[in-house]
Structure formats: structure tokens, C-alpha cells
Amino acid sequence: MRGGPTISKLMSFVEARLSPGGEFGLHLTVGMALLLVSGLVFHELAEAVMGQAAITVLDLQVAHWFNVHAFEPLTSLMVGVSAMHSVAGMVLLFCLLAGYLWRQQARYWLLALAFAVPGGMALNVALKFFFQRARPVFDDPLVTLTTYSFPSGHTTAATCFYGLLVSYLVMARPAWSVRVGTVIFCLTMVLLVAFSRVYLGAHYVSDVLAAMAESVAWLAVCITAISTLRRRREGKTV
């Protein structure tokens, strides 16, 4: 009977992919799943934006609503949030986290950080020039930028940074209070940065959604690759 050995091999393959141990185990399966889902989301958003689908109408409506209803002190707060996650702000945050990981001797996470944040920002620049979507235009803009809009660079940088931070702390800290608190904090920061870019009229809603999808895909590649490298070199279950 050929069916028996075939089913047995298939079950062995599935078990190996779902096993927490091994260099090609559960971490690789989760990473690939995240990459595929987030990549699909980005693809659908990009197609909708470039094809002038219904989401572009929503983009314009939301952008103009916030421009008309902007008020203080919310505007100043959103400017501060955006400034904190500009290139200069991200360099500072990157150095602080890198220093912390160095002191914790988390060398593989430090390597993941080195690829995730600068790499994600570089990828975002390449995508901007590929899609070349113009930024929102207003009679009385809150901010004026001449670069391209899709996807959002600030949101990309924030998602890569806080995504890696929460991944590390969830893995490194056994206390559930720390894990839950970290997840809430990091998710709040990413959403706050995304909201600030839409509120200030620097980006459309689809720009920040695409940036988050793009960043999750890139993080999945970086963390999965570094985790696989670690398992291969150390030859042990983590």
C-alpha cells in the first residue's frame, strides 16, 4: 500500500513544521504565515490604490475631514509624535534599543534589529519611488512635504521598531504582566504614529495600512532568518 508511507511522511513533515524545536520548526512556519498574509494585504492595498479603487475615495474623505477639523493641542501632540519617529528620532530610538540589547548580550536580537529597522526604512524608500503616489493636497496644509506618499515611512519605521521590541520582550520576559503591557504599549505607539501621519495630512489611510503590512512582512523575514541562523549555530531548542 503506497498510501500508508505517503501519509506517514506527510504527517512527519507537518509535525516537524509545528515543532517548537529545530531550525525549520514552528518559528519558520509562523514566519512564513505572517509573510504570506501581510504580503497579500500589501498587494491588495497597492492594487486598490494604483487602480483608483473605492479606498482612494475614502482616503480623500478622511484626509479632508481631519484637515478641516484639526485643533490644538492635538495638532501639536501629533507633530511631536511624528517628529519622534522621523529619521533623526528613529536613529535615537535605534541606538537606545541597540545599547539595551548589547547589555543584555542578546546578540541575535541585535542582529535582527540591525536588519529590521534600517532595512525596513530602505525598503520603504524603494517602494515610494516604485509607486510614486502624490501626497494629499490641501488649501491650508498642516505640513508640506515633497516626497512620495505610498507607503508611509514614519509608520514603517515605527512598525519595524516596535514590532521587533515587542517580539524580543515577549520572548525574553516570562512574566505575563510584562508581555501584555509591552504588547499594548507597542501596538498603541504604532497606531499613534499612523494616526499622526493621517491627521497631519502627510498620508492617506491606505498609506499607513500598507506601511504596517509591509513592515510586518519584512519583520517576519528578518526575525525568522535570524532565529533560523541562531538555531543552526547553537544546535539547540529555543
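User: Where does proline 151 lie relative to helix 6 (107-131) and helix 7?

Analyst: Proline 151 is in the loop that joins helix 6 (107-131) and helix 7. Helices here are DSSP runs of H or I with at least four residues, and strands are runs of E with at least two, numbered from the N terminus. This is a predicted model, in which local features need pLDDT of at least 70 and side-chain atom pairs count only at pLDDT 80 or more, while totals for chains, interfaces and linings use all residues. Residues are numbered from 1 along each chain as its sequence is written, and side-chain values use heavy atoms, without hydrogens and water.

User: Which peptide bonds are cis, and what is omega for phenylalanine 150 and proline 151?

Analyst: Most peptide bonds are trans, and most residues other than glycine have a negative phi. Here a cis bond links phenylalanine 150 to proline 151, with omega about -5°. Another cis bond links glutamate 72 to proline 73, with omega about 5°. Proline 73 is in the loop between helix 3 (54-69) and helix 4 (74-84). As for phi, glutamine 105 is not a glycine, yet its phi is positive, about 55°. Glutamine 105 sits in the loop between helix 5 and helix 6.

User: How is helix packing read, and at what angle do helix 6 and helix 7 pack?

Analyst: Axes are lines fitted to C-alpha atoms, for helices over the stretch in contact, and angles run from 0 to 180 degrees between N-to-C directions. Helix 6 and helix 7 pack at about 160°, their axes 9 Å apart. The two helices are therefore roughly antiparallel (over 145 degrees; under 35 is roughly parallel, 65 to 115 roughly perpendicular, the rest oblique). Their crossing is right-handed, a label for the near helix being turned clockwise from the far one by less than a right angle, with anticlockwise being left-handed.

User: Which residues of helix 6 meet helix 7?

Analyst: A contact means heavy atoms within 4.5 Å. On the helix 6 side, Trp109, Ala112, Leu113, Ala116, Val117, Gly120, Met121, Asn124 and Lys128 take part; their partners in helix 7 include Gly153, Cys160 and Met171. By class, this contact has 12 nonpolar, 5 polar and 1 charged residues (Ala, Val, Leu, Ile, Met, Phe, Trp, Tyr, Cys and Pro are nonpolar, Asp, Glu, Lys and Arg charged, the others, Gly among them, polar).

User: How do helix 5 and helix 7 cross?

Analyst: The axes of helix 5 (residues 87-103) and helix 7 (residues 153-172) come within 11 Å and cross at roughly 15°. Helix 5 is therefore roughly parallel to helix 7. The crossing of helix 5 and helix 7 is left-handed. The contact comprises 13 nonpolar, no polar and no charged residues.

User: At what angle do helix 7 and helix 8 (residues 176-199) pack?

Analyst: The angle is about 180°, and the axes of helix 7 and helix 8 are 9 Å apart. Helix 7 is therefore roughly antiparallel to helix 8. Among the residues that meet are His154 and Thr155 in helix 7, and Arg179 and Arg197 in helix 8. This contact divides into 13 nonpolar, 4 polar and 2 charged residues.

User: What is the mean pLDDT of the chain?

Analyst: pLDDT is the predictor's confidence in each residue, from 0 to 100. The mean for the protein chain is 85, with 84% of residues at 70 or more. Residues 9-25 have pLDDT below 50, and this stretch has 24 contacts in the model beyond near neighbours in sequence. Where pLDDT is low, the predicted coordinates should not be read in detail.
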